[in-house]
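Subject: Structure for you to look at

Hello,

Here is the structure I said I would pass on. Please open it first, then read the notes below it.

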Amino acid sequence: MLSVSCLLGQAQIEQYGPFVGGNLFLYKSNLYNSQDLHADSVQHYQITPGFGLSFDFGYRYLNGLSIQSGLSYGSSGQHYNGKDSVVGDVVTFSAKTNMSFIKVPLIFSMTTRNDKPVKAFYSVGIFAALNTGFSESFSFDFAHAVNASYTTTITKETYEVKYKNDTAKHAYNLNERPYRSLGWGAILALGASKRMNKKTEGFMQLKMEYQLSSSENTDQMIFTPQAGTADSKHLGYVWGNYAKYMHHNGNYNRPATHPFNLGLTFGIRHFIFDFD
């Protein structure tokens with residue numbers, strides 16, 4: 001936590017007391033998994049943009065220390081692609097994972113340069129996250145007829161595979177969500193703010209959000225065939241073994257997956273009381 005020694009010797013800030021505000025967070029989104037990162041050429045991480053909107057409220061003390069919370073909504077996900085040689089064939093691969101979250105943060109900030117028009121601040125905090133949406137699709141396109149090309153689509157309740165030139169249905173209902181509903185993580189930020197008028201300031205910051213809990217559900221699930229699918233109910237895994245899109249070989253041991261956002265926040269903060 002912030003050291004008491006940081007509070008000593010600080011000039012008093014001219015804007016203090018309770019405040020409300022809002023901000024826009026634009027960032028590069030990642031789903032970090034240690035095995036996915038080191039997977040072979042079939043699974044390359046691609047730059048995946050994300051955004052978030054937040055409503056904030058809190059209290060700033062005369063020495064520049066702020067405590068704040070609020071509510072934010074944002075996207076999180078990862079795009080992948082690649083190309084690889086398989087036995088007697090070449091496969092081109094693409095995939096997209098898209099999620100949305102509502103987050104409730106608790107943030108501690110310290111403002112410096114309190115007697116200057118432009119101030120600097122740094123922030124640390126934690127957040128609780130609720131997964132409000134999920135979808136995933138991935139495609140394996142084989143260059144030759146040795147293997148059948150296919151696309152898999154996953155939602156929070158279903159798993160469906162469509163093979164090229166095959167009209168047969170391969171769709172299942174899942175008894176669990178492929179992603180965890182709840183999570184928690186940490187926030188780090190460094191930024192600058194400028195007083196706009198007597199009661200308002202604008203700010204910009206470089207911010208990182210890292211979910212410490214795993215977002216994926218790696219438990220075995222019950223796959224129940226939908227009407228028209230020629231298969232029986234069975235246990236299975238949604239994700240691959242070790243890396244996300246690998247086949248299930250031997251002991252299933254997929255590592256944790258952590259949503260990770262890094263980008264810029266642009267916001268405004270309005271103090272409720274008047275100042276001298």
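The lining of the largest cavity is made up of eight nonpolar, nine polar and six charged residues. Here Ala, Val, Leu, Ile, Met, Phe, Trp, Tyr, Cys and Pro count as nonpolar, Asp, Glu, Lys and Arg as charged, and the others, Gly among them, as polar.

This is a predicted model, in which local features need pLDDT of at least 70 and side-chain atom pairs count only at pLDDT 80 or more, while totals for chains, interfaces and linings use all residues. Residues are numbered from 1 along each chain as its sequence is written, and side-chain values use heavy atoms, with hydrogens and water left out.

Some terms. On a 1 Å grid over the protein atoms alone, a cavity is a set of points where a 1.4 Å probe fits but cannot get out; a pocket is an open set with protein on both sides within 12 Å along at least five of seven lines; and lining residues have an atom within 4 Å of a point. Points are joined across faces, edges and corners, and a volume is the space filled by probe spheres set on them. Strands (E, at least two residues) are DSSP runs, numbered from the N terminus.

Cavities

The whole structure holds two cavities of 30 Å³ or more. The largest cavity has about 260 Å³ of space. Among its 23 lining residues, Asp 56, Gln 68, Ile 107, Gln 205 and Lys 207 are the closest to its centre. β5 supplies the largest share of this lining, five residues.

The second largest cavity has about 100 Å³ of space. Of its 15 lining residues, Gly 52, Ser 72, Gly 74, Lys 103 and Glu 209 lie nearest its centre. Which element gives the most to the lining of the second largest cavity? That is β4, with five residues.

Pocket

About 760 Å³ of space lies in the largest pocket. It has 33 lining residues, and Phe 140, Tyr 150, Tyr 245, Met 246 and His 247 lie nearest its centre. By class, 20 of the lining residues are nonpolar, 10 polar and three charged.

Strand pairs

Two strands pair if DSSP finds at least two bridges between them. β1 pairs with β3 in the antiparallel sense over 13 bridges, and Tyr 27 stands opposite Gly 50 in β3. β1 also pairs with β14 (residues 258-271), in the antiparallel sense over 14 bridges; there Val 20 stands opposite His 270.

Regards

How values were computed
Helix = DSSP H or I, 4+ residues; strand = E, 2+ residues; numbered from the N terminus.
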